[in-house]
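Trainee: Could you take a close look at the salt bridges here and walk me through them?

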2 protein chains.
Amino acid sequence: MAKKAAITGNMLIAQSGGPTMVINQSLIGAVLEAKKHKDIKDIYGSLHGIQGILNEDFINLRRESDKNLELIAQTPSSGLGSVRKKPTPEDCAKMFEIMKKYNIRFFFYIGGNDSAETAHIVNEEAKKSDYELHCYHIPKTVDNDLRENDHTPGFASAARFVACAFMGDNLDNRALPGVKINIIMGRHAGFLTAASALARQYEDDGPHLIYVPEKPFDMQSFAEDVKKVYTKYGRCVVAVSEGISEKDGTPVAAALTAEVEVDSHGNVQLSGSGALGDRLADYIKNKTRISRVRADTFGYLQRSFPACVSEVDAKEARQVGAAAVKNAVQGDTDGSIAIKRAKGKKYKVSFERVPLKNVAKETRHMPDNYINKKGNDVTQAFIDYAKPLVGKLPKMGRFKGVAVKKK
Amino acid sequence: MAKKAAITGNMLIAQSGGPTMVINQSLIGAVLEAKKHKDIKDIYGSLHGIQGILNEDFINLRRESDKNLELIAQTPSSGLGSVRKKPTPEDCAKMFEIMKKYNIRFFFYIGGNDSAETAHIVNEEAKKSDYELHCYHIPKTVDNDLRENDHTPGFASAARFVACAFMGDNLDNRALPGVKINIIMGRHAGFLTAASALARQYEDDGPHLIYVPEKPFDMQSFAEDVKKVYTKYGRCVVAVSEGISEKDGTPVAAALTAEVEVDSHGNVQLSGSGALGDRLADYIKNKTRISRVRADTFGYLQRSFPACVSEVDAKEARQVGAAAVKNAVQGDTDGSIAIKRAKGKKYKVSFERVPLKNVAKETRHMPDNYINKKGNDVTQAFIDYAKPLVGKLPKMGRFKGVAVKKK
């Protein structure tokens, strides 16, 4: 039986961390659901996450037309702006003061593990200071590394972009053979890099090698792997996670930068630089004497490109937003919404409320059975996992190629 | 009145230079047209351009089903493989020997200015050695730098990718403000970088600054430009051509690489490395003390991404391929097909045969009236030129954003 919300009042929603192609779907899903419930009075959006709360930078989301909300839902990146900020207890005290003034009793924070940590901190501090608040985290991350979740909104669209990019790039490499290294987002989890495998349609299609942060990266084995593929196919396409690390855990990319940028959650900057790809390309050039070696770093396009959204992802992102609001108005005071996949052949998901602390801070990694033994490819188990999320991909044509008899 | 082909025989077609998203449209357009004319007997595809001729690596294109040809037409990159090779007179002599054996009397070479040069050399050598050959160049290039042409097949789809990428990236930068520098393909011509301007939909949208190779690039003015934009909007998105050069003509990117790769046409490698973006980002960081500065190099995705093709581009690429064959069978022995735009408000093009030498080797640049006086943006004249090529772009949503009164 549905419980009743413990309290009525105004709602505040905000976005945090790296944007995705569908994070606005979750935002709009929550807002449209909130409009259905009379326990929720005003609906405010905070600009740039908790920074907007501290600054009292709120916009009135009831003043937006449904038509505009629908357009925003289909627009990539965080429509309310984002932030990377971990609140101190003092920040929380100040936020509650402000929230009280605006009678905010429903708080929704859309983001990844760091944002879940923020929601968790806010929730614990609210309890300590007897501030009655329904506090929810709504999941998103292209890294797909949230615990409790089968997968995370934002991942599938980024994965679709990566798969499409590799389809085209594989053909580019087939036309002008050489070694091509592509660097993919993923700090600790290799899911997005692994999604490059979905690009394969013919036996000799790349990516021929896939390296994820879950396995230690060794330069020498890398060069040997590349040489082996190059000998077989006369070319080699490689997918590499930006987060690949040496045996001792040092990220290969971080070792290249003199000054390392770190945010308040302790994350080291890995994206927004081509250094890792360039270093790997130089290494392969020197080690193998293959003349044509190129590297591309896909960068921020993976999370923001507007013309490559997964339909499943867009739909589910909308649903998790709505689910958070439904749970809150039914009287469950806090939690995060996790996507659970039903067992069985047919793809089916449900949305479950889980404790904030289960999603906060720590991330999950690719399970061992998704990575091959050599640590340079993914398994069929991963393909089976990822395929229904990404949706139908364009079919690449190829000549039957009946050779003309030499004269 | 239509003339008759001087000779009947077999046809050979090949692709050369950097692939594009629609180069296969031209290939299939030519093949389907050839099938209509009884003066053309066998239809061969040479694998990897003129290298395939020297190796006698031909496939029989009459053995491909129309259904497969249509699928290949929609597939990015060069289905027959590509090459970057300038033929010597000895290569030509060898090629004619081989062509004679296969009774090849129609030769079509799809590519950019270097491929036009190849076709021109082959044609001149054929005349010298009295080898009767209908020799045609079919244009393609994402750089849009072929002389005689209003625009070139391949450009519009790459431009569409760049515009979409900037739409998303501008929103990413709006969510997490800072300076974002994106490096775009374009050796000598800035058309593709300029196409980033099509991403703008709201007054404060990026790219806020655009630098093309046509104007000398000065690091200090660059930093001043960025600071000015950052002061105004609190953020700055920049589009930079990979080919930007200092006053004396040295490419900024080339100065960064110890060993410079050069192909047989004399082109220096600029793509496939993130060094230019990283250097510009470091410079801005140091000069302006803005903390969040990122760079992405869009790389090969610009010419190979399968899910972002311009409809106009696909259609015209098909038409130039067909036009080359039509001209050849009507008895015009050589030439290149150029796209000419009709004057007037309504977008309309025609396909004209032009002499090979007019398209070969030298490239064209952006006209002065497409670049603003300061050399850091494009003009409305460029937008008017590029818009009909790229097609309708997705609309980005944004909150009306009625501020909640501070309490």
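Mentor: Let's start with A:Lys215, which is partly exposed at 25% relative accessible area (buried is under 20%, exposed over 50%, partly exposed in between, with a 1.4 Å probe and protein chains only). Helices here are DSSP runs of H or I with at least four residues, strands are runs of E with at least two, and both are numbered from the N terminus.

Bear in mind that this is a predicted model, where local features need pLDDT of at least 70, side-chain atom pairs count only at pLDDT 80 or more, and totals for chains, interfaces and linings use all residues. Residues are numbered from 1 along each chain as written, chains are lettered from A and ligands numbered from 1 in written order, and side-chain values use heavy atoms, leaving out hydrogens and water.

Over in chain B, B:Glu56 and B:Lys101 pair up at 3.0 Å, N to O. B:Glu56 lies in the loop between helix H2 and strand S3 and B:Lys101 in helix H4, so the bridge ties together parts 45 residues apart in sequence. B:Glu56 is buried at 14%, while B:Lys101 is partly exposed at 38%.

Then there's B:Asp204 with B:Arg398, at 2.9 Å, N to O; both are buried.

Key
A salt bridge is a side-chain nitrogen of Lys or Arg within 4 Å of a carboxyl oxygen of Asp or Glu.
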